[in-house]
Amino acid sequence: MNTPEIARVLSALDRFTLETPSWGYSDTGTRFGKFLQDAAAIDVYDKFADAGQVHAVTGCCPTVAVHVLWDFQPDTRPGELAQFASKHGVRIGAINPNLFQDQIYKYGSLCHQDDSVRVQAIQHMRESVELGKALASRYISLWLADGSNYPGQANIRRRKQFLIEALREVADLMSQKQTLLVEYKPFEPAFYHTDLADWGMAYIVAKAVGPKAKVLVDTGHHYAAQNIEQIVAWLLAEEMLGGFHFNDRRYADDDLTLGSIDPYQVFRIFHEIGFYEWETQKQADIAYMIDQSHNDKSKIEATIQTVMTAQELIAKAALVDYETLNRLQTQNQQIDAEELLRDAFSTDVRPAVIEWRKKKNLPENPLRAFRESGYEQRVAQERKQRRVELGIKPTGSYA
Ligand code: RM4
Ligand code: MN
Ligand code: MN
């Protein structure tokens, strides 16, 4: 790598932050059960402490996404929680409402045919918006689990209308500083139809809601052969890309570590963003977030590994020479254009990433630094003991 290339990598890393999810630090599993870890976070305080560790060694993760029902109790004082987070060097990021856990949502929430259920769902959205305001958090990040399991069960068009009306109401409650991120997912928990099943539906709904709403791309929420970077390019071109939930997948919404299965795809996504930024001469306003469940890996280590992977892939994408690519594309030089991408992808950028870390007084190898700190062993002991004191019984059963 030459000096201008290194400079491009350093500047790309300077501009990149990645939000970690509170739920990535606690025990999660599949619907068949959970394998419990002593070091897993018990409560939101543990989650912020763990997120603080990730930020301390990577310098790249200053915010933590929260899930309202998993992280807030009715008596939680948002201000106190924010203060606790800041003690650990992090801030509260995206607020994720939860419209899928309550029994009343069996047949949907914002799309439900009963007014009373929709009213309750909107009320939860309102509380999430208020929480966002109290915490000066910019994003309300909505994953809507609504859908149906059998053909004929639901009026799909009417549900779409209910959804748009409900989200318009929510948007009216939001301040100008808040953004609603609309996530989509093809299936699960419903297996016949999902009300927001793909990016087109999320786009239509976000557009109907107005300028406060943007689309969120969760990389795991696509069918296997789908070209995600094209979706990203189109959303960028339409100024409708609000954020990402990063994870990798082999089959469906597997929530595996980013880049563990197909790093080239992540590279191509970052490439589309870089190309857009070069062409428009402006930084894309995107919330980069992780959405992973570390079911059997060490949770903090898996999060650090994800951040390091993302930084390396961002650095590789920064090596693409867009001027040259533009010329090659105009001349239909497809092999050379493709080689430009392949060269960038196969460059070992780790020395440049280490240089960036040294400049920031960060450990050269965040994963090793975290291991050497002994944090995980310490909290495993302490949390194991605390579980006994709190009477928390290990259960991970499905039925
Ligand atoms: C969903 C979706 C949401 C996440 C939940 C836990 O599949 O990805 O973003 O909050 O899982
Ligand atoms: Mn997600
Ligand atoms: Mn998901």
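Figure 1. Gly147 is buried, with a relative accessible area of 11%; buried denotes under 20% relative accessible area, exposed over 50% and partly exposed in between (1.4 Å probe, protein chains only). Gly147 is placed in strand 7 (residues 147-148). Helices (H or I, at least four residues) and strands (E, at least two) are DSSP runs, numbered from the N terminus. A separation of 8.9 Å lies between the C-alpha atoms of Gly147 and Ala197, which are 50 residues apart along the chain. The model is predicted: local features need pLDDT of at least 70, side-chain atom pairs count only at pLDDT 80 or more, and totals for chains, interfaces and linings use all residues. Residues are numbered from 1 along each chain as its sequence is written, chains are lettered from A and ligands numbered from 1 in the order in which they are written, and side-chain values use heavy atoms, with hydrogens and water left out.

**Figure 2. The manganese ion (ligand 3) and its donors****.** His221 (NE2) and Asp253 (OD) coordinate the manganese ion (ligand 3) at 2.2 Å. Donors are N, O and S atoms within 2.8 Å of the metal (3.2 Å for Na, K and Ca); water is not among the atoms, so sites may look incomplete. The distance from the manganese ion (ligand 3) to the manganese ion (ligand 2) is 3.9 Å. His221 belongs to the loop between strand 10 (213-218) and helix 8 (228-237), and Asp253 to the loop between strand 11 (241-246) and helix 9 (263-280), so the pair ties together parts 32 residues apart in sequence. Both His221 and Asp253 are buried.

**Figure 3. The shell around ligand 1****.** The residues around ligand 1 include Trp23, Trp70, Trp143, Glu183, His245 and Asp291, as well as His221 and Asp253; a residue counts here if one of its heavy atoms lies within 4 Å. By class, this shell has three nonpolar, three polar and five charged residues. Ala, Val, Leu, Ile, Met, Phe, Trp, Tyr, Cys and Pro count as nonpolar, Asp, Glu, Lys and Arg as charged, and the others, Gly among them, as polar.

**Figure 4. Side-chain approaches to oxygen atoms of ligand 1****.** An N or O atom in the side chain of Lys185 is 2.8 Å from an oxygen atom of ligand 1. For His67, a polar side-chain atom lies 2.9 Å from an oxygen atom of the ligand, and for Asp218 the corresponding value is 3.1 Å. Ligand 1 has 290 Å² of accessible area on its own, of which the protein covers 89%; the areas come from the Shrake-Rupley method with a 1.4 Å probe.

Figure 5. The structure holds 22 salt bridges, each a side-chain nitrogen of Lys or Arg within 4 Å of a carboxyl oxygen of Asp or Glu. In the bridge of Asp14 with Lys360, the closest N and O atoms are 2.9 Å apart. Asp14 lies in helix 1 (residues 3-14) and Lys360 in the loop between helix 13 (350-359) and helix 14 (366-373), so parts 346 residues apart in sequence are tied together. Asp14 is partly exposed at 47% relative accessibility, and Lys360 is partly exposed at 41%. In the bridge of Asp195 with Arg159, the closest N and O atoms are 2.8 Å apart. Asp195 and Arg159 are buried.

Key:
A polar contact is a pair of N or O atoms within 3.5 Å; within protein, one must be able to donate a hydrogen and the other to accept it, and residues adjacent in sequence count only if both atoms are side-chain atoms.
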